[in-house]
Amino acid sequence: MSATADSPGLWSRLYAAYGLSGPVAMLMFALFLLVPLLPGEFWTHVGTEVLILGLFAMSFNLLYGYMGQISFGHAAFFGVGAYATAMLFTALKTPAGQIGIPQFLASLLAGPPVAALAALVIGFFCVRLTGIYFAMLTLAFGEMLFYIVFSWYSFTKGDDGIQGLLPPPFFQDSANFYYFTLAIVTAAVFVMWRITESPFGYTLRTLRDNQRRAAFLGTNVRTHMLANFVIAGAFAGVAGALWGPFSRSVNPGLLGWGESGIAVFMTLIGGAGAIVGPLLGSVIYTLLQAVVKMYTVYWPLTIGSVILLIVLFAPGGILGIVDRRIRAARAEGEAKEGDPGAGPRDAPAPP
Amino acid sequence: MSANILEVAGLEKHFGGVHVTCSINFAMQEGEQSAIIGPNGAGKSTFMNLLTGYHRPDAGKVVFAGEEITGLPPHQVARRGISRAFQVSSIFGRMTVAENVRAAVHAQMRATFRLFASAHRIGVEETGRVLALCGMERKRDLMAGELAQGDKKRLELAIALAGRPRLLFLDEPTAGMSIEEARSTMELVDRLNRELKLTVLFTEHDMGIVFNHARRLTLLHRGAIIVQGTPAEVRANETAQKVYLGEHHL
C-alpha cells in the first residue's frame, strides 16, 4: 500500500514536488485546526505547547538536519527570546497587571531580534568549529547564558523568574491564543521552508555533506554557517516570545541544556530530513509526556527508551520510515510503468 | 599571442621538517592541456593544494590571470575561475546528482545568499548544460551517495565544470574507473579543452593516458621539478627514465 496507490492525484503530486513536507504539513495543519473543538481546555493547552516547542525544534533542525551541526545550546536563544518579550511585557503592562493588545504584540516582537543578536555573537565563535567541537561550544555558551540569567537578580530576577505575564483578555481565552499561535507557527514554517528550498538552503546541505568541497566551489563556509545560526536563533526567539504569555511566566530553565535537549529529542523522533519532522516529533513527545505523567513518575525513563529505539531502529525518525516506504513503493510503481518520475526533495536520514 | 594564465614562482612548502615543495617555477598558457607526473609522494597533490588555497605556501608566488592569488582561501580562489576535481570523489552524498551540480552553479553565480528565491528556478539552464556535457542527464534524480564508483567520479568532474571555470585541475581523473569509463572521461576532457578552450592540468598514474592526452609534461620528484617538456622530450630524458618512467617500461 502506498500514497500513490491510494490517491494518484494531489498527494502524489505534492510528494513529487515537496517530498514528505508538503503532504505531512497539510495533514498536520488540518488536524491542528480541529484541536480546540475537543472538549475541555486541556487539549487546547497541550496543542499550544506542541506548536511552540515544535517551532523551537524546527529552528534547531535548521542547524542539524540542513547544516549537519548539532547544537546542545539552542535553548539559549529560545530563553533569550522569552526573556526579551517578558521584560518588555513587564515594562509595558499597567501597575494593575493589564496590557493592551498593541503593547502585547510589541512585546512579542522583541523576542526574535534579541535572540538573533545573541546568536550572532555566540555563532561568531561556534562556526569556527564543526562536529563534536561545535556541539560542545554551543553547550558551553548556552550554560553561560543560563548562569548569567540565573544569577543576575537585579536585571533578570534570577531564579525567581518573571511572573504575571497575563496576556490581554482576548488572548486569555485558550482557543484564541491557540489559533494565534497556530497562525504564527504556520507563517514561520512557510518562511523556513522557503529558506530551505532556496539556493541558500541547498548551500547549507552542501555544508552538511562535504564542507571542504563546498569551499572549493566558492562558498564561504563560515559566513553561511553564521547566517544560518542567526536565522535559527531568530526562529527560536519567535518560539520563546510566545512561551512567556502562554505559560504566564519565564524562568532561567528555559535557557538550560535540558530545554536544548527537548529540541534534539523532538527532531530525532519526528525526523530531521523534512522541515515539519520536528513538529511531528513535538506532537509525539508532548502527548507522550502528558499521558505518561498522568500515570507514572518515570517520564525520563520512558523518553530515554523511546530515543534509544528510534536511534537504533529508525535513524531517520518517524518521517524517515514513512519516506523509505513511499520511495520503495514508488520505485516499484516506476519499474512497472517504466516512468522515471521525479524523486522527493527531502533527504530522509539525519547526519 | 597566448598569455600565461598561470604563473608560479619559487613556491615552497614544508610540513614540519619535510620539504614537500622545493622552489617550483611553473607556468601554463591559456588553452593548454598538461599533466603532472611523478612517483607517489612526489608532491603532486600538495602542489595542487597550494595552487587552490588548501595549503598556504611558505614562500613563493602564484599569479592567475594577472592577479596574485598566493595564500587566498579556497573559496576565493574558486571564485576567480580555478576549479578542481579530487582523486577520491568528493561529492554531496545526500543530494541528488542534479542538486550537486546546481549547488555548484549557484556557488559560481554567487547566488548562495539568496534566501527566498526558489533554488529550483536559478541556474537551471547551466545545470542542464553541465549534466548533458557529462552525459549524466538520465541519472539526475539519483542520490549521489548511491552512485557506482565510476559515476561518482563523473559527477566529481561535473561539479568542477559548473559555472565555466577558466582553469581546471584534475587529480587522477580516471582513478577507480573501468577502462571504458576512463576512455570516455578523457575524451570529455579533450573536448572541454578543444571546444571550450578550458585550460587543464591533470595528474595521472596511467602513462598511456598521460602520453595520449597531455601536450606538455612536468615530472615532479621529491617536491622538485625534474624535467618539463613535450611528451617526447620527457620520454627521452635520462633522469626521467631513472626516477619514474623506468618503472613503466616505456
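Author: A compact globule of 250 residues would have a radius of gyration near 18 Å, and chain B, with 18 Å, agrees with that. This radius is taken over C-alpha atoms, and the globule rule is 2.2 Å times the number of residues to the power 0.38. This is a predicted model, in which local features need pLDDT of at least 70 and side-chain atom pairs count only at pLDDT 80 or more, while totals for chains, interfaces and linings use all residues. Residues are numbered from 1 along each chain as its sequence is written, and chains are lettered from A and ligands numbered from 1 in the order in which they are written.

Along its principal axes, the box filled by the C-alpha atoms of chain B is roughly 55 × 40 × 40 Å. Chain B contains 9 helices and 10 strands; these are DSSP runs numbered from the N terminus, helices being H or I with at least four residues and strands E with at least two. Of its 250 residues, 47% are buried. A residue is buried if 20 or more other C-beta atoms lie within 10 Å of its own, exposed if 12 or fewer do, and partly exposed in between, with C-beta atoms placed from the backbone.

H3(B) is largely enclosed by the rest of the structure, because 12 of its 13 residues are buried. Among them are B:Val97, B:Glu99, B:Arg102 and B:His106. After H3(B) comes B:Arg110, with a positive phi near 55 degrees.

What do the buried residues of H3(B) pack against? Within chain B, they pack against helix H4 (124-133) and helix H5 (149-161), and in chain A against H11.

That partner leads to the contact between the chains. It takes 25 residues from chain A and 31 residues from chain B; two residues are in contact if their C-beta atoms, placed from the backbone, lie within 7 Å. On the chain A side, helix H10 (174-196), helix H11 (199-209) and helix H12 (211-216) each supply at least two residues. H11(A) gives the largest share of that side, 8 residues. The side of chain A that touches chain B divides into 9 nonpolar, 10 polar and 6 charged residues. Here Ala, Val, Leu, Ile, Met, Phe, Trp, Tyr, Cys and Pro count as nonpolar, Asp, Glu, Lys and Arg as charged, and the others, Gly among them, as polar.

From chain B, the core draws at least three residues from each of domain 1 (30-56 + 67-81 + 165-250) and domain 2 (93-163). A nonpolar core is a set of buried Ala, Val, Leu, Ile, Met, Phe, Trp, Tyr and Cys residues joined through C-beta atoms within 7 Å, and the domain bounds come from an automatic or database domain assignment.

Of its 351 residues, 52% are buried.
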